[in-house]
Each structure stands twice: as C-alpha cells, then as structure tokens.
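These are my notes from going through the file. I kept them in the order in which I looked things up.

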Protein chains: 2
Amino acid sequence: MNRAIGVFDSGLGGLTTVKALNELLPNEDIIYFGDTARIPYGNKSRETVIKYAVQDTNFLKSKNVKMIIAACGTVSSLIGGKPLASDIPFTGVLLPAVQAACAATRTKRIGVIGTPSTIKSGSYGKAVKNIEQKAFIIGKECPMFVPLVENGYTSGKIAEYFVKEYLEPIKKENVDTLILGCTHYPILKDIIGEYMGEDVKLISPGEEAAKYASIALLSENLLNPEEKEGKNFYYVSDSPEDFEQNAVQFLGGHINGTVELANVS
Amino acid sequence: MNRAIGVFDSGLGGLTTVKALNELLPNEDIIYFGDTARIPYGNKSRETVIKYAVQDTNFLKSKNVKMIIAACGTVSSLIGGKPLASDIPFTGVLLPAVQAACAATRTKRIGVIGTPSTIKSGSYGKAVKNIEQKAFIIGKECPMFVPLVENGYTSGKIAEYFVKEYLEPIKKENVDTLILGCTHYPILKDIIGEYMGEDVKLISPGEEAAKYASIALLSENLLNPEEKEGKNFYYVSDSPEDFEQNAVQFLGGHINGTVELANVS
C-alpha cells in the first residue's frame with residue numbers, strides 16, 4: 001500500500017526513528033510531525049501529554065497515513081502500550097524496546113533511563129514484568145540529558161559528569177541491559193556506553209519501534225509494493241527553519257524532505 | 001481601584017515579580033497565569049511566542065485585571081517595549097530593567113544575559129541605546145541556565161562551570177552592570193554575583209517591573225484604597241500540584257494563594 005507511515009514526537013528525538021525507518025524500509029514515504037511549539041513533553045503532566053499526543057495522532061490521521069508510530073518515550077510510557085489509534089496499526093516505543101531488552105538480557109537485570117514523566121509512570125518496569133516476571137528493573141530519571149543534547153553537550157566533562165551522576169546507581173546494580181527510554185538519548189550513546197562498559201547492551205527505543213513497524217507492515221501486507229525511493233514529509237508546530245537546523249544532529253546529515261508549519265491543537 | 005494586577009509568564013519565573021509586588025503593594029490582589037503546558041518560551045520562534053503572549057494577555061483581561069505585567073524576559077524582548085494591551089496599563093520587564101541599568105551604570109558598559117530568543121532579538125541593546133547612545137552593550141545567551149535552575153543546580157561546581165562559560169566574555173569586557181534578562185536567573189544571583197565581583201550591579205527585570213508597576217498604578221490613581229491584605233490567585237495551563245511544588249524556589253516559601261487549572265489557547 002503506497003500510503004505513508006506516520007511518526008510523531010514532541011520535537012526532534014523522533015528523527016532517530018525516521019532514520020531507522022529510512023534504512024529498513026527505503027521504499028516507504030514517511031510523514032513526520034514534531035510538536036516544536038510545545039516541546040518538551042517530558043516534564044509535563046500525564047493529562048497534558050496525552051491531550052497533545054491525541055492531537056498529534058489526529059493530525060497524522062488527517063494525512064491518511066497507514067500506520068502511526070509515537071516516537072516519543074514520554075508519550076509511549078504514559079499510554080503504557082495502549083494504542084492511540086484503533087483503525088490503523090499503532091505503536092509507541094515502549095513495547096518494542098521492552099521486547100528487545102528482554103531478548104537481550106542474560107542476567108534479567110535491566111536498567112531504564114528516561115524523562116521524569118517516563119520514570120514516574122513506572123511503565124517500563126510493568127511491561128518488562130509482563131514478559132519476565134522475575135526480572136530486576138531499576139529506573140532513573142535524567143532531566144538534564146535533553147537540555148545537554150539540545151545544547152550540544154554530548155561529550156566532554158559536563159556530559160561525563162551527568163552520565164556518572166545519573167548512571168552510577170544503575171551501574172552499581174550490575175544491569176546487563178540499559179533501555180535509553182527517551183528518543184534524545186541515543187545521541188549520548190557513545191558516552192553512556194563508555195561509562196556502562198561494553199558488556200552492557202544499550203537499547204534505543206526509536207530504532208526498536210522502527211524494526212517493529214517494518215515487521216508489522218510486512219505481516220499485515222501493508223508495505224509499499226512500488227520500487228521507488230520513499231520520500232519524507234516533515235511538519236512542525238514551530239519554525240521550520242529552526243527545525244531544519246537542529247535536525248542535522250539527529251539524522252546525521254541534512255534534512256531529507258520538505259518541512260512545513262502545521263497548526264496542531 | 002480594587003481590581004487585581006495581572007501577571008503572566010511561561011511558567012514559574014514570573015513568581016519573582018509576584019514576590020516583589022507582594023512586598024511593594026501588600027494591599028493589592030494579584031492574578032497570575034503561568035503557561036506551564038507550553039513552557040519554555042525561550043527557545044521558540046518569535047511568531048509562536050507572540051501568539052502565546054497574546055493568548056496569555058487575553059486570559060488575564062477576561063479576569064478583569066487593572067494592569068498587566070508580562071513577567072517573562074522572552075516575551076518582553078520580542079515585543080520590544082510595545083504593549084500587548086492598550087485599554088489598561090501594560091508593561092514587560094524590558095524597559096524597567098533597561099531604565100534601572102542605565103541609572104546604575106557609571107562606566108556605561110552593560111552586560112545582558114537571557115534566553116536564545118531574547119539575545120537574538122537584540123531588544124535590550126536597542127532599548128539601552130535609546131537612553132544612553134554611547135553605551136557599550138554585550139549580550140550572551142545562556143540556554144542551560146533555565147534547566148539548571150529547574151533541576152536544582154543553583155550552586156556547586158556544575159553551576160559554577162556554566163556561570164564561567166557564559167559570563168567570562170562579559171566579565172572580560174569590564175561591564176559594571178549586568179541585566180539578568182530572564183526571570184529564572186535571579187535564582188542564580190548569588191553565584192553570578194560571586195563570579196562577576198561586588199563592583200558589578202545585577203539588575204533583576206522582574207523586580208524592576210514590579211517597582212515600575214507600583215509607580216504607574218500610583219500615578220494613574222489605580223491603587224487599591226482598601227486597607228486589607230491582598231490575595232494571590234494563580235492559574236496554570238498544566239498540573240496545579242506540580243506548580244505548587246516548584247513554586248517554593250521562586251517565592252522563597254509556600255504558595256500564598258489558590259492554584260487552578262486554566263485552558264488557554
């Protein structure tokens with residue numbers, strides 16, 4: 001089916017999912033919505049985040065997408081695996097990440113890091129326990145990681161300070177798998193990996209959601225049969241120019257598609 | 001006149017203005033709106049911030065306030081001294097802060113720090129030049145100050161690192177006055193003052209706006225003639241409970257009034 005895949009996030013983090021989708025499903029069109037006028041979601045209340053997520057979902061539905069990915073760690077954990085759309089396939093990043101973590105762990109000791117809203121929700125822990133009843137899970141909110149990434153502190157001593165501050169209690173618990181429960185965090189993957197050590201497997205929920213989507217679309221016979229290069233269409237609620245500038249860090253290159261302003265509320 | 005004074009901000013920073021108003025004008029009622037569902041404003045585009053500021057102003061007008069104070073550094077610098085209301089007195093924090101800075105400086109060398117939007121607007125520099133044509137002004141955006149304050153890093157080596165990183169180029173220019181152009185920054189006043197030295201006068205725009213408002217209301221004969229203690233009424237667009245918790249840092253004590261949810265858009 002040649003309809004596009006819809007992806008949304010509070011801002012830029014979801015672009016890590018777009019990058020993974022472009023690699024896995026090069027024939028597919030993608031429509032992305034970044035709610036840059038209301039970013040961030042991670043320190044807002046459950047009610048407000050879910051209200052925004054419903055509006056974001058409705059915007060993508062209005063674009064006639066064939067599947068929706070909530071590529072936002074906060075939204076995904078607050079809805080706790082429940083879909084925001086029922087007439088088309090829907091996934092957040094929570095369940096794909098949890099499945100990947102449960103597949104990767106050998107010791108059943110799993111760490112989760114995320115925004116304050118994500119960690120307070122306890123959703124990752126509950127979802128892990130559904131698969132691995134005896135798993136040990138330790139969560140830690142990392143409220144400074146998003147501002148650090150957005151302001152370019154992705155290496156060096158300031159980044160190292162906060163990585164140690166947030167991850168020390170997790171490292172002490174000898175986890176062998178760590179879920180990077182916010183789609184901004186893969187930008188800090190190198191420095192987090194260095195601190196945790198090479199024996200700890202890092203799970204990027206945005207990438208896992210892209211893998212899940214590719215399987216779901218294949219099994220529901222919804223992949224695009226045409227052999228042409230897919231296009232990306234980006235919509236944002238604040239300045240398209242600022243989005244284009246900031247996207248480079250997440251896509252690892254210039255923006256590969258049109259960027260338009262969208263009024264979503 | 002016994003109508004309330006209206007104050008708004010993107011979130012919590014404007015509470016420094018409320019605190020100053022409560023001290024200067026203890027008989028006055030205050031209605032505060034904090035746009036916590038869309039916080040922060042400082043890294044959003046001019047169009048988006050002004051759209052939000054107009055909505056915030058209209059909300060306060062619907063509460064029949066007698067004056068409006070935009071207690072947000074970003075809003076104040078983007079409107080550049082132009083009022084958002086014309087039927088009642090209105091002030092931002094820009095002009096009162098600039099007047100105080102021009103009165104305080106002896107060397108005519110003034111520093112300004114603020115959010116990226118504030119510094120990019122160049123408004124502080126233009127407003128200073130209107131009063132002191134020969135003044136030298138140096139501005140610096142400090143994007144990590146708001147997350148540092150919001151996450152409690154107001155002293156210690158991390159706060160010191162960023163104070164040095166942002167203020168070193170300003171200190172090198174031998175300014176004798178520094179405008180803390182965002183209503184979050186007075187929370188960092190001690191550590192900023194220590195770094196800049198006691199000869200540098202720090203200007204808090206939120207407090208200066210409160211002083212200006214008290215004079216404007218007096219001269220327009222709009223002060224409350226009743227000899228009773230004024231009340232504070234707080235409205236926020238996200239969780240009232242979270243607001244109450246976080247307000248302590250800005251008010252220097254527990255919230256002194258009711259807090260209600262308001263839908264503003």
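How many bridges pair strand β9 of chain A with β10(A), and in which sense, parallel or antiparallel? I looked this up before anything else. β9 covers residues 232-236 of chain A, and its pairing with β10(A) is parallel, over five bridges. For one such bridge I noted Tyr234(A), whose partner in β10(A) is Val259(A). I also looked up what packs there: α11(A) lies on the sheet and touches β2 (30-34), β9 and β10 of chain A. The direction of α11(A) makes about 140° with that of β10(A).

Entry on confidence. I am reading a predicted model. For chain A I find a mean pLDDT of 96, with 100% of the residues at 70 or more. The scores for the model are ipTM 0.89 and pTM 0.92.

Entry on the sheet of chain A. I traced an open sheet of six strands, ordered β4-β3-β1-β2-β9-β10, and the pairing is parallel. Its edges are β4 (90-91) and β10 (257-261) of chain A; each has a single partner strand, so one side of each has no neighbour in the sheet.

Entry on the domains of chain A. I find two: domain 1 is made of 5-92 + 207-261, and domain 2 is 95-205. Taken over C-alpha atoms, the centres of domain 1 and domain 2 of chain A are 22 Å apart. I then listed the contact between them, which takes 27 residues from domain 1 of chain A and 24 residues from domain 2 of chain A. On the domain 1 side, α1 (15-24), α3 (73-79), α10 (205-219) and α11 (240-251) of chain A each give at least two residues. α10(A) has the largest share of that side, with five residues. By class, the domain 1 side holds eight nonpolar, 14 polar and five charged residues.

Entry on chain B. I repeated the sheet check and found six strands in an open sheet, with the order β4-β3-β1-β2-β9-β10 (chain B) and parallel pairing. Here β4 (90-91) and β10 (257-261) of chain B are the edge strands, each pairing on one side only. Further in, I looked at β1 (residues 5-9) and β2 (residues 30-34) of chain B, which pair in the parallel sense over five bridges. Within that pair, Val7(B) has Tyr32(B) of β2(B) as its bridge partner. Helix α2 (residues 46-62) of chain B lies across β1, β2 and β3 (67-70) of chain B, at about 150° to β2(B).

Entry on the two chains together.

Definitions and conventions
Residues numbered from 1 in each chain as written. Chains lettered and ligands numbered in written order. Predicted model: local features only at pLDDT ≥ 70, side-chain atom pairs only at ≥ 80, totals over all residues. Domains from an automatic or database assignment. Contact = placed C-beta atoms within 7 Å. Helix = DSSP H or I, 4+ residues; strand = E, 2+ residues; numbered from the N terminus. Nonpolar A, V, L, I, M, F, W, Y, C, P; charged D, E, K, R; others polar. Pairing = 2+ DSSP bridges. Axes fitted to C-alpha atoms, helices over the stretch in contact; angles between N-to-C directions. pLDDT = per-residue confidence, 0-100.
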